[in-house]
Amino acid sequence: MSNKANAPKLIINGKRIDGRDFNQLRPIKITAGILKNADGSALLKWGNNIVLAAVFGPQKAISKHFADPTKAIIKCRYSMAPFSSKGEHSRSGPNRRAIEISKVTKEVFENIIFVNDFPGSEINIFIEILQSDGGTRAAGITAAAVALANAGIHMKDIVYAVSVGKVGDELLLDLNMIEDNYSDCDMPMAISPRNGELLLLQMDGDIKQDEIKRAISMAQEAGKTISKIQQDSLLEIYKNVDKQIGVNGV
Amino acid sequence: MRNIILPGMLAPNEIEKTENVYIENNKIYSKVVGLYDDEKKTIIQLEGNWIPKIDESVVGIITSSKGNVYEVELFFFGRGLLISNKYDNIRFNVGDVISASVKDVEDYKTVILWNPKALRGGTIIQVKATKVPRIVGRSNTMVEQIAQLTACNIVVGTNGIIWLRGDAISVATEAIRKIENEAHTTGLTERIKVMLEEEMLKLNSIKQ
């Protein structure tokens with residue numbers, strides 16, 4: 001969080017700095033199956049964020065001593081492109097922030113993938129942030145979930161993620177970069193739409209107990225829209241499929 | 001009616017096979033991006049790498065031999081094992097390409113093979129395992145058509161490895177790639193036939 005002294009006014013006449021309502025998402029567009037060489041992939045545009053996610057696997061675990069004979073191991077790499085942002089955190093390479101986000105993303109998917117179906121294998125998830133404007137970890141998880149489904153990995157659900165923040169007494173959905181930098185609190189969440197289960201909840205700043213509950217329900221409400229976009233992106237691939245012959249003639 | 005189904009979606013109530021689904025709180029959900037088949041009452045997986053099943057026929061490469069046990073590379077996350085008994089008069093060397101059937105799958109990842117056949121010479125290509133049924137075609141029509149028109153020997157493994165031998169491998173490979181890319185379209189058998197005939201004419205004119 002940046003210095004509050006020179007903070008811009010984040011709420012003007014009941015509207016946010018980019019003209020959105022408090023519970024309004026930025027426009028989201030997902031294209032699934034965009035990379036030919038990857039087993040599964042997705043390109044996500046979320047406001048000014050552009051995220052590319054690719055999934056490889058299940059494949060033989062590289063470094064055999066890492067392999068677990070009872071379950072698949074999941075590896076995740078979140079990385080920001082050097083040109084993704086003007087800020088300092090877009091410096092290329094595995095820095096402290098990227099390692100942390102890779103770890104939490106990996107833990108989200110460990111809870112949702114049927115790892116016991118692929119013992120001794122590894123599943124690689126790569127998330128590249130091509131352009132960043134706040135909320136990239138949420139965008140990364142949302143894109144990676146579509147890429148995993150596209151790769152045919154057995155999983156319980158298509159996870160989505162979104163952040164909720166606090167400015168003054170108001171809760172704001174889906175913070176952008178400026179709101180993220182100057183808000184009182186930022187809370188990214190990853191949720192399983194099937195039952196509303198929370199898979200990731202991080203918090204930076206101060207928030208009241210009842211506001212946390214409100215924030216979670218705000219994220220779950222927004223999740224209906226995000227889930228619909230995720231599902232539509234996957235269904236788009238099979239739009240022209242002849243239902244009689246099936247996709248693969250089976 | 002066949003409907004596309006996504007992970008986390010409720011499966012239709014009348015589903016009979018537990019393949020590709022899981023049960024939570026007495027409800028059945030799909031694990032995969034799939035197609036619900038009304039006749040077989042099952043979900044067919046549309047994407048993903050090969051998952052071994054008993055009785056499938058596969059193509060692999062021998063990577064090591066110790067006594068009568070051969071390890072076979074099947075191009076998936078597990079490994080293939082071929083145990084020959086004393087009645088088999090067949091010996092393989094490291095690097096040989098074989099076709100075999102799956103006898104047993106242990107713990108999802110160790111595939112026990114039997115009925116090995118050596119595939120001498122030729123070349124192998126890899127395709128997506130989910131596209132194999134389309135390449136084979138209904139009652140082998142598609143693969144037989146390619147084999148006949150290009151005069152190639154072709155063995156298709158369900159693990160996505162295809163072995164080819166003949167003079168017109170390039171034409172056969174091109175046809176297989178075309179099927180892989182256009183697997184979901186109708187009238188493919190006819191288009192492949194036209195394409196193969198044209199390509200073979202070109203190839204023969206070059207030879208003359």
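Two strands are taken to pair if DSSP finds at least two bridges between them; the exercises below apply this cut-off to a predicted model.

**Exercise 1. How many bridges join strand 2 of chain B to strand 3 of chain B, and which residue is the bridge partner of B:E24?**

Solution. Begin with the two segments, strand 2 at residues 21–24 and strand 3 at residues 27–30 of chain B, which run antiparallel and are joined by four bridges. The cut-off asks for at least two bridges, and therefore these strands count as paired, with four bridges between them. Next, take B:E24 and look across to strand 3 of chain B, where its bridge partner is B:K27. Finally, turn to the connection: the two strands form a hairpin with two residues between them, and B:N25 in the turn has a positive phi of about 50°.

**Exercise 2. Work out the order of the open sheet of three strands in chain B, and state which helix packs on the sheet.**

Solution. The order is 11-13-12, with antiparallel pairing. The edges are strand 11 (123–126) and strand 12 (153–156) of chain B, each of which pairs on one side only, while the twist averages 20° from one strand to the next. For the pairing of strand 12 with strand 13 (residues 161–165) of chain B, four bridges are found in the antiparallel sense, and B:V156 stands opposite B:I162 of strand 13. Helix 3 (residues 169–181) of chain B then packs on the sheet, touching strand 11, strand 12 and strand 13, and its direction makes about 155° with that of strand 13 of chain B.

**Exercise 3. Describe how helix 2 of chain A packs with helix 4 of chain A, giving the angle and the residues of the contact.**

Solution. Helix 2 (residues 136–150) and helix 4 (residues 209–237) of chain A pack at an angle of about 35°, with their axes 10 Å apart, and the crossing is right-handed. On the side of helix 2 of chain A the contact is made by A:T142, A:A145, A:V146, A:A149 and A:N150, and on that of helix 4 of chain A by A:I226, A:Q230, A:S233 and A:L234. Sorted by class, the residues of this contact are five nonpolar, four polar and no charged.

**Exercise 4. How many residues does each chain bring to the contact between chain B and chain A?**

Solution. Chain B brings 30 residues and chain A brings 37 residues. Within chain B, strand 1 (2–5), strand 5 (42–45) and helix 1 (132–136) each supply at least two residues of the side that touches chain A. By class, that side of chain B has 14 nonpolar, nine polar and seven charged residues.

Definitions and conventions
Residues numbered from 1 in each chain as written. Chains lettered and ligands numbered in written order. Predicted model: local features only at pLDDT ≥ 70, side-chain atom pairs only at ≥ 80, totals over all residues. Axes fitted to C-alpha atoms, helices over the stretch in contact; angles between N-to-C directions. Contact = placed C-beta atoms within 7 Å. Nonpolar A, V, L, I, M, F, W, Y, C, P; charged D, E, K, R; others polar. Left-handed = near helix turned anticlockwise from the far one by under 90°.
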